There are 4 protein chains.
Amino acid sequence: MRVGIIGATGYGGAELLRLLNHHPHVTDVVLYSSSKEGMNIHETYPHLATIYEKSLKALTIESLTEEVDAVFLATPPGVSAEWSKAILQSNCQVIDLSGDLRLNSRKTYSEWYKREAAAEDLIEEAVYGLTEWNREQISKAKLIANPGCYPTATLLGLAPLVKEGLVDLHSIIVDAKSGTSGAGRSASMMTHYSEMNENFKIYQINQHKHVPEIEQQLREWDRNVDTVTFQPHLVPMVRGIMATMYMTAKREMSEKELREMYKAAYAHEPFVRIRPEGQFPATKEVYGSNFCDIGLTYDARTGRITVVSVIDNVVKGAAGQAIQNFNVMNGFEEGMALMNVPMYP
Amino acid sequence: MRVGIIGATGYGGAELLRLLNHHPHVTDVVLYSSSKEGMNIHETYPHLATIYEKSLKALTIESLTEEVDAVFLATPPGVSAEWSKAILQSNCQVIDLSGDLRLNSRKTYSEWYKREAAAEDLIEEAVYGLTEWNREQISKAKLIANPGCYPTATLLGLAPLVKEGLVDLHSIIVDAKSGTSGAGRSASMMTHYSEMNENFKIYQINQHKHVPEIEQQLREWDRNVDTVTFQPHLVPMVRGIMATMYMTAKREMSEKELREMYKAAYAHEPFVRIRPEGQFPATKEVYGSNFCDIGLTYDARTGRITVVSVIDNVVKGAAGQAIQNFNVMNGFEEGMALMNVPMYP
Amino acid sequence: MRVGIIGATGYGGAELLRLLNHHPHVTDVVLYSSSKEGMNIHETYPHLATIYEKSLKALTIESLTEEVDAVFLATPPGVSAEWSKAILQSNCQVIDLSGDLRLNSRKTYSEWYKREAAAEDLIEEAVYGLTEWNREQISKAKLIANPGCYPTATLLGLAPLVKEGLVDLHSIIVDAKSGTSGAGRSASMMTHYSEMNENFKIYQINQHKHVPEIEQQLREWDRNVDTVTFQPHLVPMVRGIMATMYMTAKREMSEKELREMYKAAYAHEPFVRIRPEGQFPATKEVYGSNFCDIGLTYDARTGRITVVSVIDNVVKGAAGQAIQNFNVMNGFEEGMALMNVPMYP
Amino acid sequence: MRVGIIGATGYGGAELLRLLNHHPHVTDVVLYSSSKEGMNIHETYPHLATIYEKSLKALTIESLTEEVDAVFLATPPGVSAEWSKAILQSNCQVIDLSGDLRLNSRKTYSEWYKREAAAEDLIEEAVYGLTEWNREQISKAKLIANPGCYPTATLLGLAPLVKEGLVDLHSIIVDAKSGTSGAGRSASMMTHYSEMNENFKIYQINQHKHVPEIEQQLREWDRNVDTVTFQPHLVPMVRGIMATMYMTAKREMSEKELREMYKAAYAHEPFVRIRPEGQFPATKEVYGSNFCDIGLTYDARTGRITVVSVIDNVVKGAAGQAIQNFNVMNGFEEGMALMNVPMYP
């Protein structure tokens, strides 16, 4: 298959290139960029020299139709809403890494994203690409709304408990921490090295766009899920997300019971690893890989459950999960191009 | 006054030296160390060369009595329990930076610290040194149990809300993040650079020694406070603590009301700064200083309050607050040796 | 004295504020900014809240004349060249932290800075503010060209050897490493966190503006000094410079002889510390302080001397040395506001 | 082929596991450890869970002979000297990542390593595994002395110039910078996070074990090479080495000429990339990959050449080059298991 990447000069695009280089069924990768048309990709990413020496093309529907069979949109808000319909009509698969098509409610979208939502029919066609829990639908889809980085870590960590009805649905609090790569490649004061090293920040308190995405999916699993408190923080590191999640248990339970439930839920999932008792994951233990590692515990003293979920935000939280969905859509083995071992140290 | 530092080669000791260098009423500092007796302090801390060129002495009660008027214990668990009584009897003030004397209940101490508690009378004599809320007692004390780093950030952040009775006392969750200096100077796998950089970790889940300290003080303010969930994390940075605290509000409130309440509570406190609406503190903004900066918000959507409190764990969370207490005990101006501006960037 | 800071919102300006806060003879600090007039300084620097709560003023010569007795220019290239003459005429001392007035040759300036040099008479009036070696002239000056960060570390490290004529003057190579704060507060791709953490870069090879500054001063000490090779590198840290300097010795010598020579040269200097045999300085050992720490060795095997010099680029490399010069100009004790202990860890 | 790793719990061992996981001709990997026999590898390296779930075995020659066809020694000094002969006799290939067998002169070894050298015949049998320049010999070898991390970066950077006779052989100076992973997994004060972050250090001045290794190989290329000055530094990052190398050119040359010479020298090398004019490599641009990227320039002003060479010390500087040699020894395609794209950011 020939695949295209729109927004190839961002971090999502670069990571797609890193991973797709090893995909046995991808014969060609075409790079599109609106801002850097004509530039060779290794000029902006010297690490790709001798591996990808190709020019960035301007995007037109005509060229796209001729050149590629599937396209990854690693683009800012608005691009997918504008282009996806035409691309689909040209019979090309679309995996959208932006947030444009994730929310079912156009009203909710415009409240949180502060911009107009995509067209209703486009939103309806889009399948939410949380691979582990939506595989069936993804396998038949032409258009994927690839999950956000925080929602991926959060939802994989909460799914078994919410689906089993074991927690107070009014009690969910998510304290999330991310490396800076999630903020993209554009330089800003927020992620300026001198302002970020030896520093730990909280940001977008009560206002992060990923809140409605998390709530929407949780309510798919149990419609009684209440509002969720979610606060994101910025860690002085480049890659990695940890979501620490707090819930009140509906009843007493043993650690073992809790763990077995998670192990059962993810028994056949190659990319979700449940940690043994007393062990909790650190972000580096999934560095560069498509894994989501989960640790959990029930505290009899407080009656609360704490779930800790870590991912590499650029892989499982973006490019990796996108390729995982691409594999499912096309009937390829799900782990293709994704089996790399975490880089440690 | 002549002051002694026991445990001068640890980070707490080094920070006391940094700050006390500018104290107008401290005429002499004597350094004690059990492990490095005879060594000159600048051999283990070259940054102190030409500033402190003095040998570490072995500790004996006799020498202590002759040499100093007040002593800071920056020591591992057990040292204070063993030595404080004798030191007090020699008519010397004691500010204990260890956790030995913080918990009123010997039983609770042994449960969380996994060792026997100090003698009952010693614990009773010790005054908990959370300066902003215990100034009166501290001013009359001879023996201070200096608060832990996490409790300092947490308690200063929670005090007004708990005292005013505005939150559900069963709902308190503290997600805390610290730099590595809190783990001390001894090398370990946990804080090995190659294992810690580009990494974010959670540790001592449900088991951190600071949990009972936090609960004890909260119950001083309102005896109905329930168990608190507290999870500490390790950030790839050296200095700084952020405590992100979650509570359910008992009733609706405006942001303004909440903020005014905090501003009133800390109106006369030189080291507590309440951030204006929409602004939350980052750890670097108190780097190297004795400030505790607090941001807060009420989310009408979820009915929850989020309070964010940051300190420099080595200053306000240890050596700085110890000197603050030393000043109060001796009737000095409270900010003496502590007025340094945060170092930024 | 009343002092003004022009360019108060940059890192140099912020550091001047941090240090001047403790200066006993500075009664008032007035902040000027062309880009952020009217803003309160703590809005852009929340760490200064409650310490400096003052508005940034637009700069006019009239107001300056009335308001201040001395002014620090922490400004981009060109500002000093434009304003210094008028400020001097209003009888106000000027300490210029920019590079505008450091080079005696206007031609050399324009070659390296790629812009026109300041007026000849202004350059002539400016005294190069390498305090330790130019104290006499500084004490009589009205206008100081404060040295660059790299030249400060380099020149203090090379001075004794060059002045004593012990090294081959054709053999000097300086491999310099700096934290990111030297690049200023403006966000850029170069210092974007995601591009800089876990990364080590070389930049401006053979072209750094500090090369002619280093050569000019070395030739003041020995006019036979040849061109110097100087390559700067960017370290994933915020503060600190290390200059590793290589020279061929003219004759064999003992380590002891070399060290004694340096100790003698800096015997009366409070801010230069020579390390004992076998010990070399790390940048953190001068963090936040005005020290320059120097380690050195002669290798009989190769016949080469290696000198290692470290400073905090924001203090001794900028704001600290500027205040040191300000003190000398006004007959104050040289260490006023500069005696803070390095922050470690 | 079945391969064994001795010292599997160190960083070199872990990286071999990461890379070998994708080697098409490696059917089995057996892990040996003297200190952690019986432990499952994922207990000490949770990142390997579900990928490598195998126990560490004690090493005996009998088991080795039966179990593996080739063995990687990722061990401390002395192990290879002790075991290699027996392993070879069991007809097993040996790739030794330690420094035991790199130096031809036993006397030089004991001078720099401060321990007795391996047996003469073992040293003679060992082939120095700098793949790009020793491929022929490696292809026939049974025993490889895999190059040190610093020598790899340095020698690849110097080879063309020294072989072409273009530089003054008395003038070579190497200023090298490394991340902390080169110091191994054992916790120490030197690499303690609180002592290393926001810090830049120089170490083992004039005494690093890699000096004689560099000089020996350079003299293979030109026996007139004089002693080399080499100073290593420690950067606050985990992975990456940059060697900045300084030499006096024998004659004037153009940048273009210099670059073309390097391009020609490495024209057929998949893992050496020469940067275009004006571009110099940063360590992150080879992160996690087997590349060595080289930038270079001639400065007409000083008559000196500066060469900048970067590698990932754990890959090209250790495990990657070891596998590259393993491939050459066995007639496999040289890039097998090594074609991963650098991870950026």
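I take a salt bridge to be a side-chain nitrogen of Lys or Arg within 4 Å of a carboxyl oxygen of Asp or Glu. With that criterion I searched the whole structure and recorded 96 salt bridges over all chains.

**Entry: conventions.** I note that this is a predicted model, in which local features need pLDDT of at least 70, side-chain atom pairs count only at pLDDT 80 or more, and totals for chains, interfaces and linings use all residues. Residues are numbered from 1 along each chain as its sequence is written, chains are lettered from A and ligands numbered from 1 in the order in which they are written, and side-chain values use heavy atoms, with hydrogens and water left out.

Entry: I looked up B:Glu116 and found a salt bridge with B:Arg106, the closest N and O atoms being 3.7 Å apart. B:Glu116 lies in the loop between helix 5 (106–113) and helix 6 (120–125) of chain B, and B:Arg106 in helix 5 of chain B, so the pair ties together parts that are ten residues apart in sequence. Helices (H or I, at least four residues) and strands (E, at least two) are DSSP runs, numbered from the N terminus. For exposure I use relative accessible area: buried is under 20%, exposed over 50%, and partly exposed in between (1.4 Å probe, protein chains only). B:Glu116 is exposed at 65%, and B:Arg106 is partly exposed at 30%.

D:Glu116 sits in the loop between helix 5 (106–113) and helix 6 (120–125) of chain D, while D:Arg106 belongs to helix 5 of chain D, ten residues apart. I read a relative accessible area of 67% for D:Glu116, which is exposed, and 30% for D:Arg106, which is partly exposed.

**Entry: a salt bridge in chain C.** Is the pair C:Asp293 and C:Arg275 buried or exposed? Both residues are buried. Their side chains meet in a salt bridge of 2.6 Å, N to O. C:Asp293 is in strand 12 (residues 292–299) of chain C and C:Arg275 in the loop between strand 11 (272–274) and strand 12 of chain C, 18 residues apart.

**Entry: strand 4 of chain D.** I examined strand 4 (residues 93–96) of chain D and found both faces covered. D:Gln93 and D:Ile95 are buried on one side, D:Val94 and D:Asp96 on the other. In a regular strand the side chains alternate between the two faces of the sheet.

I next listed the partners of strand 4 of chain D; two strands pair if DSSP finds at least two bridges between them. Strand 3 (residues 70–73) of chain D pairs with strand 4 in the parallel sense over four bridges, and D:Val71 has D:Val94 as its bridge partner. Strand 6 (residues 143–145) of chain D also runs parallel to strand 4, joined by three bridges, with D:Ala145 opposite D:Asp96.

**Entry: chains C and B.** I counted 34 residues of chain C in contact (heavy atoms within 4.5 Å) with 34 residues of chain B. The count of salt bridges between chain C and chain B is zero. On the chain C side, helix 1 (residues 11–20) gives the most to the side that touches chain B, with four residues.
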